[in-house]
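Here are my notes on this one, point by point. Keep the viewer open while you read.

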Amino acid sequence: MRRKHFLYSFAALIGLVAIGTGCKKFLDVNQNLNSPSPSSVNLSLVLSSAERSIANNLALGSGLGNTMAVYTHQITGRVAADRYGAGSAGWDGLYGAVSNLNVIIRRGPKEQRLTYAGIAKILKAYTFSMLVDVYGDVPYSEFDRFEEGISQPKFDKGSEIYPKLLALLDEGIADVKNTIFNVSKPSTDDYIYKGDLAKWVKAANTIKLKLYTQMRLVQDVKAQVTALLADPKSLINWHSESFMMPYGPLGTTDDRHPAYGDYTATQRGGQLFSPWLFEIMKGKNSNILTGLTDPRINYYIYNQKSATGAPENCTEYRDGGFISIIFGSNGTCRDGSNSQTYSLLGVYPAGGRYNDGNIVTVNTLGTQNAGTGALPHQFLTYTDRLYLEAELIQAGVVTGNAKTAFSKALDETFKQVDTIIINYVKPASAGAAQNVPGIATQTATDTYKAGVLAAFDAGDAAKKLEYIMTEKWIARIENPVDNYTDYRRTKFPVLFAPAPEGTVTSVTGPDGKITPVSNDRKYPLTLPFSNAEIGVNKNAPPQKVPENYKVFWLP
């Protein structure tokens, strides 16, 4: 008999809020008879905890977030993902969040708190979509039905789950919009929208747009996406409506963004900025954006050393003050300690430092003072919605002008950086305060955008899609799971490919140093199933071969 572990007790909920993920084996559950029953816990606590847990398992800096960021070559590190060998990151934590959402869905109507149930349905649909996108087939229809005697949930096909998620989103919208009396409605306990139900409806519709777009290679979705795009006001239509999870600065409880963790780590090197992305943003990649310097680079990367600053140990990849390591490296300088040398994720991806030219190590600034860490996790933003529209037009799924849509997405990309830094990160309030300039109105930004659009004009249809997806990849650095999904769907952006599966056997850095690289795994199309789940669930399939196991939306 499998055990059932309820995550519903007050202590467990507080634990989820405090630590986010945790190591509970989520489908392996066992009721604690000494804990309060699910009916005794305030739904307000359950909602807050579930929202935080979902973000803590998806954001850059989390286990799953960092895995996907390495797989899409936005960060690198001395981790298993460095050779596409990651395990089932995020499985337990995301299923744990869904278990809490189910409590709200079951109790909400009974307690005349239908709006709570509606929000929980929207969050559940979103969370399961991410599980399908990462793992393929997963337990859905029989999950969390222990009281009905189902202790060994079957794995449902992703192709069967997606339609149910779309229906669940419609149910959530209906519950949120229902005018019946509610004993109480979400307010500050809803970390994401503070109880703004109109924004929840917009988020749900935009999630539908995203799911339909992801299915476009295997299903005709023209009617559905055309209908959604025909009413922009029903979608996320401005930055203030973006579906995001705020994080706060260091306080009584440390709720900073997970990616800020490398600032406070004793040994840094687990989440370093990828040289591949660095070279693209510097205009040094011969295939894409060649000769165009991205003005976001000083927002994305904080250098702890000047161009001539001496490192603690030998460095592997160095371009002036930018210092990192290379994916798949076999070099002798890969594993040396360079905690006060490595370039770190900056003010935008992590709520850390802006690279203002005043080069100071994080230890000198003080690990608690370097930044605020108050960057929100960006589940699905206004900018993301615009890139979806640009892709759909360019792919011929809907009518419109792809360049116009792409141009607007670029404009709002830079406005999003400013919006998040000003309204959330607030770097002037850090212990080591900084005044960070706005980026949207800079001349360098106008120059960069003009160059991107000129290159777009010169490309054929495939190259135009590559530009759209590459800019989306750069813009969405904080949400690497969706980048992983987009890469598998479109094969863009083009990624670094070490031999023998790829073609690159060595990398010559800007300083002339040659580093041997290798990777003997093909690109993984999914993550492996949870070994813990397979070990206890007789209805689980055999462990997969990740490079051969496709999600249903791949033809």
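1. Start with alanine 428, which sits in the loop between H15 and H16. With a relative accessibility of 48%, alanine 428 counts as partly exposed; the scale is buried under 20% relative accessible area, exposed over 50%, and partly exposed in between, using a 1.4 Å probe and protein chains only. Setting aside neighbours within four places in sequence, alanine 428 is in contact with Ala433, Gln434 and Asn435, where contact means heavy atoms within 4.5 Å. Aspartate 356 is 72 residues away from alanine 428 in sequence, and the C-alpha to C-alpha separation is 13 Å.

2. A word on provenance before going on. This is a predicted model, in which local features need pLDDT of at least 70 and side-chain atom pairs count only at pLDDT 80 or more, while totals for chains, interfaces and linings use all residues. Numbering runs from 1 along each chain as its sequence is written, and side-chain values use heavy atoms, with hydrogens and water left out.

3. Lysine 426 is in that loop too, between helix H15 (402-425) and helix H16 (443-458). Have a look at its backbone: phi is positive, about 50°, although lysine 426 is not a glycine. Its relative accessible area is 46%, so lysine 426 is partly exposed.

4. What about the loop between H18 and E11? Lysine 491 lies there, and its phi is near 65°, again a positive value in a residue other than glycine. Lysine 491 is partly exposed, at 45% relative accessibility.

5. Which peptide bonds are cis? One joins phenylalanine 492 and proline 493, with omega about 0°. Another joins alanine 499 and proline 500, with omega about 5°. Proline 493 belongs to the loop between helix H18 (480-490) and strand E11 (506-508), and proline 500 also lies between H18 and E11.

6. Now the helix pair H14 (residues 382-394) and H17 (residues 461-475). They pack at an angle of about 170°, with axes 10 Å apart; the axes are lines fitted to C-alpha atoms over the stretch in contact, and angles run from 0 to 180 degrees between N-to-C directions. H14 is therefore roughly antiparallel to H17 (under 35 degrees counts as roughly parallel, over 145 as roughly antiparallel, 65 to 115 as roughly perpendicular, the rest as oblique). On the H14 side the contact uses Tyr387, Leu388, Ala390, Glu391 and Gln394, and the H17 residues include Leu465, Ile468 and Met469. By type, the contact residues of H14 with H17 divide into eight nonpolar, one polar and four charged. In that count Ala, Val, Leu, Ile, Met, Phe, Trp, Tyr, Cys and Pro are nonpolar, Asp, Glu, Lys and Arg are charged, and the others, Gly among them, are polar.

7. Which residues of helix H8 (residues 222-229) are buried? Val225, Leu228 and Leu229. They cover an arc of only 95° around the axis, so they are on the same side of H8 (the arc is that of the directions from the helix axis to the C-beta atoms). The face of H8 turned away from that side carries the exposed Ala223 and Ala227. Helix H7 (197-214) and H14 are among what covers the buried residues of H8.

8. On to the cores. A nonpolar core is a set of buried Ala, Val, Leu, Ile, Met, Phe, Trp, Tyr and Cys residues joined through side-chain atoms within 4.5 Å. The largest has 151 residues, and Phe243, Phe273, Tyr299 and Phe406 have the most contacts inside it. Helix H5 (residues 114-135) gives the largest share of this core, 13 residues. A second, separate core has eight residues, among them Tyr302, Leu344, Leu365 and Ala370.

9. Glycine 346 is 44 residues from tyrosine 302 in sequence but 4.9 Å away in space, C-alpha to C-alpha. Beyond four places in sequence, tyrosine 302 touches residues including Tyr263, Arg353, Tyr354 and Leu365.

Methods:
Helix = DSSP H or I, 4+ residues; strand = E, 2+ residues; numbered from the N terminus.
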